[in-house]
Amino acid sequence: MASSSGFDVRRQFGFTTIALACFVMLYLPVVLLVVYSFNAGTSVAIWEGFSLRWYRSAWENVQVQEATVRSLVLAFWASLISTSVAVMAALATTRTRPFKGYSAIFAMINQPLMVPEIVTAVALLIVFAAVKVWTGYTGLGYLVLAHSAFCIPFAYLPIRARLQGMDLSLEQAASDLYARPWQVFRRITLPQLWPGILAGAMLAFVISLDDVVITEFVKSAGQDTLPTYMLGQLRRVVTPEVNAISTVLLAISVTMVIAFFFVSRMRK
Amino acid sequence: MIEVDGVTKAYGSGKTRFLALDNVTVTIRKNEFFTLLGPSGCGKTTLLRVIAGFVDPTSGTVTMDGADLLKLPPYARPVNTVFQSYALFPHLTVRQNIAFGLEMLGKPRAEITQTVDEMMALVQMTKMADRQTGQISGGQQQRVALARALAPKPKVLLLDEPLSALDFKLRKDMQIELKRLQTETGITFIFVTHDQEEALTMSDRIAVMSAGAIRQIGSPRDIYDHPAERFVADFIGDTNFLPAEILSEADGVVQVRLGSGAEIAARPVEGAGRGAVTLAVRPEHATLGPEAGALLPGTLRNIVYFGTDTHYHVALDGGDSFVVRAQNQPDRASAVAEGDRVGITFPPGVGQVLRD
Ligand SMILES: Nc1ncnc2c1ncn2[C@@H]1O[C@H](COP(=O)(O)OP(=O)(O)OP(=O)(O)O)[C@@H](O)[C@H]1O
Ligand SMILES: [Mg+2]
């Protein structure tokens, strides 16, 4: 161990300072953002007393209401679709014999993690523009498709991890006991996989809820989600209403991530 | 009934290529209690998995009653397995685990319930029917695994060291129970163990394996009394190995000359070389006596008392060592002492010529 050989990174010169600086950089802005969401005044920099007025204001703002509903609907469909696809992809990459091109497929599934988001956004913009002209359809479908696509790796990774951690001999025992592949999946794999699926779906949900770049490029007029609405607001007057919305988003994300940890650590 | 013909299983390739099974050919008969015996890593589990359908052999064929088994997926083979790792379904109860195969076969509810109850009684798990499998001990898990594999009444039951986690008494009980089950149900058992005593007491026939190959197949008595190779003789029971020279062979008997110059009849083996060979003699087949007139003279080095019998370690004059095992009689101390000159004798036909 590090400590027994006399080396402990915590005792290195400057370690504590650097660590503290990092934490301050990470969390101080967030703390300030949350604090000023309760500001009674209109400034995001001068504290004028505690109030919930910006929460009320956001709550009563029709644009915020619409953006919230749109964000949630979008995140719901995106996580549903991406998780379904991710389950199939995870099964195909863990429950088949090793095949040629396995690494290539793995890289392709995780492509959204590696390709710059702005590139994907531009590419989608071009393709969807063509499709829009061709079909005339301008609904939420484009956003759903785009979000589903970039959420796949986030749903895929926890599901795959769960599948890899599962004892293969259970599935073999089931097929030894006359279960067809579909029955093996339904009766043995799925009941043990669902914490992974839930975790993947929640992660996908948060990622979709959070997205700005791709949404900004793909959305049609009047299809603002919460993050793009906020971005639009910031270009005009900045009021603590944005802080209030951010705080709520933050609360949702943190709750989801905590739930994600509990679910993905769940035992059989 | 099951014919395994020339089955080879290679893992890896190039320099790391490794044969888990090396040209295995064996026929398992109907209603037989057939045991695969061998040291850890010799390929016993791999052979079972080939028969069950979880491992595709690199080459060779496996047929059951003439039909090609390798073409069938595991769920279509009338074969059930008791896995070495149990592989119980952790999200199901004991009862649900045992019922699984019957449900997959689409048996009626009433029949399933009845069979499952019988099976639980058989393995003495009735009291724990509704426990999750994570809440029972290792030995209990093993019994559930056995019941689960037996419940659908397969034609062939593959058992991968099914008794290894049980304590001595339960193990003896289960050995008898398994043997009874096998005779009553007429199910063919292919049983894997690395416990030679278990193999000798339970099996109709034993295949001794080493390094992916079958070294010898025979009845327990055959294997014990007439091992064909040094590995088999060494792996099963204790054996003395003597250098010998074949003088002549006729009518299934060979005349050999021992290191001491004495000559005696011994059992030949197919494929043994001419001239210098190794002779195997079991310690309990030899007797200790006076030096004069004995086959092998030597000096008594050690006397080890074992309760039921005593082992005499003798240093032969040629430099080899030899152990004689004698049954103990009540209150009779041995007539010899360490350091005495002694002679070893065994009857003609007892020594077995080995192949290697
Ligand atoms: N998937 C695999 N890849 C590579 N080698 C393997 C694989 N499975 C088994 N082996 C090797 O094949 C050999 C035979 O394994 P097997 O499990 O059949 O042994 P065994 O006789 O059942 O041993 P034990 O008594 O310890 O259970 C071992 O040396 C093992 O390391
Ligand atoms: Mg094994």
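Here are some questions and answers about this predicted model.

Me: Is helix 8 of chain A largely enclosed or largely open?
Reply: Start with burial: A:S169, A:L170, A:E171, A:Q172, A:A173, A:A174, A:S175 and A:D176 are buried. The buried residues of this helix pack against helix 9 (181–210) of chain A, and also against helix 1, strand 6 (79–82), helix 2 (94–104) and helix 4 (138–150) of chain B. With eight of the nine residues in 168–176 buried, the rest of the structure leaves helix 8 of chain A largely enclosed.

Me: Which residue just after helix 8 of chain A takes a positive phi?
Reply: The helix itself covers residues 168–176. Just past it, a phi of about 75 degrees turns up at A:Y178.

Me: How far from A:R160 is the nearest side chain of opposite charge?
Reply: A:R160 sits in helix 7 (residues 141–165) of chain A. Not counting residues up to four places away in sequence, it touches A:A90, A:T93, A:T94, A:Y102 and A:F106. A:R160 is buried yet has no salt bridge, and the nearest side chain of opposite charge belongs to A:E171, at a distance of 14 Å.

Me: Which elements give two or more residues to the lining of the largest pocket?
Reply: The pocket holds about 890 Å³ of space. It is lined by 27 residues, and closest to its centre are A:R95, A:R97, A:L168, A:Q172 and B:F54. The elements giving two or more residues to that lining are helix 8 and helix 9 of chain A.

Me: Which residues join B:E103 in a salt-bridge network?
Reply: The side chain of B:E103 meets that of A:R187 in a salt bridge, 2.8 Å from N to O. B:E103 is in helix 2 of chain B and A:R187 in helix 9 of chain A, so this pair joins two chains. B:E103 is partly exposed at 23% relative accessibility, and A:R187 is partly exposed at 26%. Through shared partners, B:E103 is in one network with A:R187 and B:R109.

Me: How many residues apart are B:E32 and B:R205?
Reply: Their side chains meet in a salt bridge, at 2.5 Å from N to O. Buried means under 20% relative accessible area, so B:E32 counts as buried at 4%, and B:R205 does too at 14%. B:E32 is in the loop between strand 2 (18–28) and strand 3 (33–37) of chain B and B:R205 is in strand 9 (residues 205–210), which puts them 173 residues apart.

Me: Is B:R215 buried or partly exposed?
Reply: B:R215 forms a salt bridge with B:E229, whose closest N and O atoms are 3.2 Å apart. B:E229 is buried, at 11% relative accessible area. B:R215 has 30% relative accessibility, so it counts as partly exposed.

Notes. Residues are numbered from 1 along each chain as its sequence is written. Chains are lettered from A and ligands numbered from 1 in the order in which they are written. This is a predicted model: local features need pLDDT of at least 70, side-chain atom pairs count only at pLDDT 80 or more; totals for chains, interfaces and linings use all residues. Side-chain values use heavy atoms; hydrogens and water are left out. Buried means under 20% relative accessible area, exposed over 50%, partly exposed in between (1.4 Å probe, protein chains only). Helices (H or I, at least four residues) and strands (E, at least two) are DSSP runs, numbered from the N terminus. Contact means heavy atoms within 4.5 Å. Lys and Arg count as positive and Asp and Glu as negative; His and the chain ends are not counted. A salt bridge is a side-chain nitrogen of Lys or Arg within 4 Å of a carboxyl oxygen of Asp or Glu. On a 1 Å grid over the protein atoms alone, a cavity is a set of points where a 1.4 Å probe fits but cannot get out, and a pocket is an open set with protein on both sides within 12 Å along at least five of seven lines; lining residues have an atom within 4 Å of a point. Grid points are joined across faces, edges and corners, and a volume is the space filled by probe spheres set on the points.
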